[in-house]
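Student: I would like to learn how to read the features of a model such as this one. May we go through the structure together?

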Amino acid sequence: MNGQHDRTPNRALLRELASLLASESWVDNTTVFPVNRPDSIVISLERQYYPHKYVSEAYIEVQSYTNGDFHISYVEDHHGERWLCRWDRHDSEDYTRDHFHAPPEARHEDGENREYPTSVWRVISRVVAPWVYERMGAVWDEFDS
């Protein structure tokens, strides 16, 4: 290995997740395997849930692999400055298999051990989506203060 993980994207699952998420009211659109992220789906979030003067774009990127590993990143673009966090499931020397990299930079040293539901869909619906709803409110609070 040259620093890369030996894993295969779970394209069928990612397509299914994109299809399920496309009908959510907080989702603007989903992009499956974009050219610049061929192993990912990218879920663009509705702009109306963010103050445009503060957040120009928000999206979730999901990578899922046939070995059960995943990375789910939440990213806000603050007009050129990225604010992000990430939910991960993969082997790590420093954290449990399930862990979270806290905002605003999601650096390795920002990791926290976590325990997630078994399926990626449940991680998104029970962990990520509720977190995003709270974040949308927090962004408005930050903007108004």
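This is a predicted model: local features need pLDDT of at least 70, side-chain atom pairs count only at pLDDT 80 or more; totals for chains, interfaces and linings use all residues.

Tutor: Residues are numbered from 1 along each chain as its sequence is written, and side-chain values use heavy atoms, with hydrogens and water left out.

Student: In what order do the strands form the sheet?

Tutor: Strands of a sheet pair through backbone hydrogen bonds, either parallel or antiparallel. Here 7 strands form an open sheet in the order 1-2-3-4-5-6-7, with antiparallel pairing. Strands (E, at least two residues) and helices (H or I, at least four) are DSSP runs, numbered from the N terminus, and two strands pair if DSSP finds at least two bridges between them.

Student: Which are the edge strands?

Tutor: They are strand 1 (27–32) and strand 7 (111–113), each of which pairs on one side only. On average, neighbouring strands of this sheet are turned by 15 degrees against each other, direction ignored. Axes are lines fitted to C-alpha atoms, for helices over the stretch in contact, and angles run from 0 to 180 degrees between N-to-C directions.

Student: Over how many bridges do strand 3 and strand 4 pair?

Tutor: Strand 3 and strand 4 (residues 70–77) are joined in the antiparallel sense over 8 bridges. Ser64 has Phe70 in strand 4 as its bridge partner.

Student: What surrounds strand 6?

Tutor: Strand 6 pairs with strand 5 over 4 bridges and with strand 7 over 3 bridges, in the antiparallel sense in each case. His101 of strand 6 stands opposite Arg86, and in strand 7 the bridge partner of His101 is Gly111. Both faces of strand 6 are covered: Asp98 and Phe100 on one side, and His99 and His101 on the other, are all buried. Buried means under 20% relative accessible area, exposed over 50%, and partly exposed in between (1.4 Å probe, protein chains only).

Student: Across which strands does helix 2 lie?

Tutor: Helix 2 lies across strand 2 (41–45), strand 3, strand 4, strand 5 (82–89) and strand 6 (98–101), running at about 15 degrees to strand 4. Contact means heavy atoms within 4.5 Å.

Student: Which residues have a positive phi although they are not glycine?

Tutor: Most residues other than glycine have a negative phi, and most peptide bonds are trans. His79, in the loop between strand 4 and strand 5, has a positive phi of about 50 degrees; His79 is partly exposed, with a relative accessible area of 46%. Ala106 has a positive phi of about 55 degrees and is buried, with a relative accessible area of 6%. The loop between strand 6 and strand 7 holds Ala106 and also Pro104, which a cis peptide bond with omega of about 10 degrees joins to Pro103.
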